[in-house]
Amino acid sequence: MRLATMLRLRLRSLLLRGRVDRELDEELRYHVEREIEARVAAGLTPEAARRAAWREAAGLQQRKEECRDMRGLNPIDTVVHDVRFALRQLRKSPVFTSTAVITLALGLCASVAIFAFVDAALIRPLPYQRPARLVGVFERVAAYPRSNLSYPDYLDWKRLNTVFSSLAAYQRASLALATPEGARLGAGARVSDDFFRTLGIVPALGRDFRPGEDGPGAPAIVILSDAIWRSRYGGRADAIGQTVTLSGAPAVIVGVLPADAQFAPVGSADYWVPFRPSSPCDLRRSCHGIYGVARLKDGVSVQAAAADMSAIAARLERQYPDSNRGQGAAIVPLTDVIVGDVRPILLVLLGGAGLLLLIATVNVASLLLVRSESRKREMAVRSALGASTWRVVWQFVTEGVVLVAIAAAIGLAGARVAIQLLVKLIPADMMARMTFLRGLGFNARVAGFALAVVAIAAVLFALTPMVHLAWANGREALTHGDRGAVGTTWRRLGTKLVIAELAMAMVLLVGGALLTKSLYRVLQVDPGLQPDHLVSLGISVPRTKYKTDEQTVRIARSILDGVETLPGVTTAGLTSRPPLEGGNTVWIRVAGRPYHGEHNEVDYREVSAGYFEALGARFVAGRDFSHADDPSHPPVVVVNEAFVRTYFANEPALGQHLLYASNATQPPLEIIGIVADVKESALDSATPPAVYTAFPQDPTNGFTLFVRAAQADAILPTLVETVRRLDPDLSTFAARSMDTAIDQSPAVYLRRSAAWLVGGFAVLAWVLSVVGLYGVVAYSAGQRTREIGVRMALGAQRGSVYRLVLREAGALTLIGVVVGVACAVGAGSLLGDLLFGVTSRDIPTLAAVAAVLCVSALLASFVPARRAASINPVQALRGE
Amino acid sequence: MSKPTDLVQGTLDLLILKIIALEPMHGWAIAQRIRQMSGDILQVGQSALYPSLHKLEQHGWIRSEWAVSENNRRAKYYTLTKAGRTALGREAAQWERLAGAISAIVRTVS
């Protein structure tokens, strides 16, 4: 009961402060009036009575204050009061406040934004049932540790294994979608019937594929993504049962996936069709086109599964030596398959952002130290006037917390914006491959991370001045003014903080510089083609309409002829796979050489006459393809220099003949030309040996058109239009200039974004650490004003004063840089594969960064040095 | 007027509790009653009275409410609560013991 009453009264005096005060006023006035009346009744004149009564009530205001005090010091009231006071204090020194807030907000913004990406990619579990039990299943050959499976191998692995509760297959597939405006390319995937069951995805509408529906002859059906169901079918339930024409054949819609269903390895696929093997490649054991994903049986480890699969692979090797020689098995956790590529760069960025946050924190902490130092006297006065130590300390804690709260509000708002901005900067087709980023945002984990960082910062900033105050002896502060032992102690701690800051800035600067240099080196790699004035356009020819090779060759030729007559076009050619993207491989053998079934795996592309000319590739020997190299002429092949180095190191290659290892019936191909290496795979990888066959002799219904034109960007819409005019059923995709293709290739893009972000962090860290150094040097010079005054009075020259200050700054910088170099070399090696053509021990980089840091540090300390040198000795001595 | 006699620390609370135990009263009346009952020896100024009243209220020993006073004006009336009655008994007994002890010493010495 009593507790309730007290609570009510306290709340009343807190919340209804105005009313309580008014009532108190009224109560006291009533008392005075009664007093006056009593005096008048006793015979005084009203005027005298009034004066007497008011005299007695002297200091009414103080009475009220006492009454308020008697109501008890309300804890909430104290906090409100302290926060108000803290805000007033912070407002009083705007430079300190804005520096601290901006510094901290930047650090928070960077680390929280990057953490959101790390969370989406690395921390959040994949959206499947018990994702830790899922593994990617690959074949392993010498050149490719994770290569595709062939369908017959997949079936055998599925049948023979004892370690998976299910083993599903998937393959990216571009499907030509019939629309009223002609064919459009739809992103699709071919999967085995148990694919969704393996992952644990259940269609939101309709049904899953049933066992047996992926077999050869099963009816054509399709499951839609949620996105395409909403955009093309208006999200209506009656979409189930409708037919959609995919690559010329009607398929019945049987299901719709949930909105959050995703599988990054096939990108954002909209049409999921059962495998239904039909093409020659599907049936050939040597044609590798699919990937496996499997669920481990309970209690089976990844290693055990790998051992079992390797045993099966070895068995198949013995059984089918022609096709399976050297084919092992590779089992890796599905998370590695999906986010393995982005993990290193994300961790590097998180490390960079973390260092920046650390520097920011250290900087603000040292700012707070300087501030508490300069307020020592104020604190001492307060203590002397009776404020309890606890009360004084509490005031500092409040200030620290208020500071962090303001910075957190700004920093977190900034982080939200930064996340959006960073997402917008990711190219669309790269984003499609990173479906795991769909869940990116300010979720509970990101908020938790932010809260933890903010809490640590708050505790740290609350503690910093407290530690400092603990050293301070109130009386000493009053008597000694601003000098004494405390100043020295602070100087020691402050200098250590600055050294740490400089070292961390050095690490970030070196990291940024190494990444920039790697980017530069990657861009310097000779792609073997001239990217300027070069554009490409993907074209898919529907097999249902162009059934024979002759028809495909004819339409390809019409496209080339049509394009070459366009104004501004110099040359045009086409290839089965564009450069930089890797591609298909084939096993070859050299005619006339002993052959024991070894797998001479080489990159393989079908290209037309004019292709190499359009690229601007250079011929080393022999001739390019001509339109005469058609099926009526002997089969010919062009090889690259890497091929010659590998297979014809000691004899001339021109005129030699090659055979496909897996297809003994095909006539031998004559090597007619040697082209300088074109980067067929990523810019940062070695060019593999490659063979190019003549398109008319070996056509394919999906190819990329390359056109050299006077105005690259302007020609793209015309190209699409020209192709469509020839036949609206031809679908086009990936229209872009070669410059764009290079810029957006992972080798360049990942390094560029890493270089930009880490570089940005580094520049901020650099500025912060130099400002930190300036603070320490300026403070220390300020402390020595009197000493410098004495020196100058005794005849010291300005130069020697400069030396005095600069020597201290120089020593700090030097230690910081030396520590930083050691750390940077270590940290640089963590960059791993992101480095290209440069190592973390790169002397020029280290030297340049150290020089930049030293020069900027000296410039920063020059300002306080000049101030110290221009001290008037008389004033300095009198001033204290 | 002569300077009011200083009250022994804490005794004002006891006096207030005792006075309003008889009937609810406003601040001025309490001061008057103390003076009358003490034969003009004890004079309580506002500076002591009101903080004390507010403290007692905060303790939950007295309760206040606005009511119309004898001269037809609004005044704040203080009433003893149940907890206040218990406290009064305790404080009074305490005072008796203390006063008895002090007088015993004073008499012996003189």
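In the predicted model, the buried residues of helix α21 of chain A are A:Thr552, A:Ile555, A:Ala556, A:Ile559, A:Leu560 and A:Val563. Viewed down the axis of α21(A), these buried residues fall within an arc of 140 degrees, so they line one face of the helix. Their packing partners in chain A are the strands β12 (534–540), β13 (569–575) and β21 (702–709), together with helix α24 (712–726). The length of α21(A) was also checked. The helix covers residues 549–564, and its 16 residues, at 1.5 Å a residue, should span 22 Å; the C-alpha atoms at its ends are 22 Å apart, which agrees with that expectation.

Chain B has 4 helices and 3 strands, arranged along the sequence in the pattern α-β-α-α-β-β-α. Of the 110 residues in chain B, 29% are buried. When contacts in chain B between residues at least 6 apart in sequence are considered, 52% join residues at least 24 apart.

Two helices of chain B were examined as a pair. Two packed helices are described by the angle between their axes and the distance between the axes. For α2(B), residues 27–37, and α3(B), residues 46–59, the axes come within 11 Å and cross at roughly 120 degrees. The crossing of α2(B) and α3(B) is right-handed. On the side of α2(B), the contact is made by B:Gly27, B:Ile30 and B:Ala31, and on the side of α3(B) by B:Leu49, B:Tyr50 and B:Leu53. Sorted by class, the residues of this contact comprise 5 nonpolar and 1 polar, with no charged residues.

Methods: Residues numbered from 1 in each chain as written. Chains lettered and ligands numbered in written order. Predicted model: local features only at pLDDT ≥ 70, side-chain atom pairs only at ≥ 80, totals over all residues. Axes fitted to C-alpha atoms, helices over the stretch in contact; angles between N-to-C directions. Left-handed = near helix turned anticlockwise from the far one by under 90°. Contact = placed C-beta atoms within 7 Å. Nonpolar A, V, L, I, M, F, W, Y, C, P; charged D, E, K, R; others polar. Buried ≥ 20, exposed ≤ 12 C-beta atoms within 10 Å, placed from the backbone. Expected span 1.5 Å × (residues − 1). Arc of directions from axis to C-beta.
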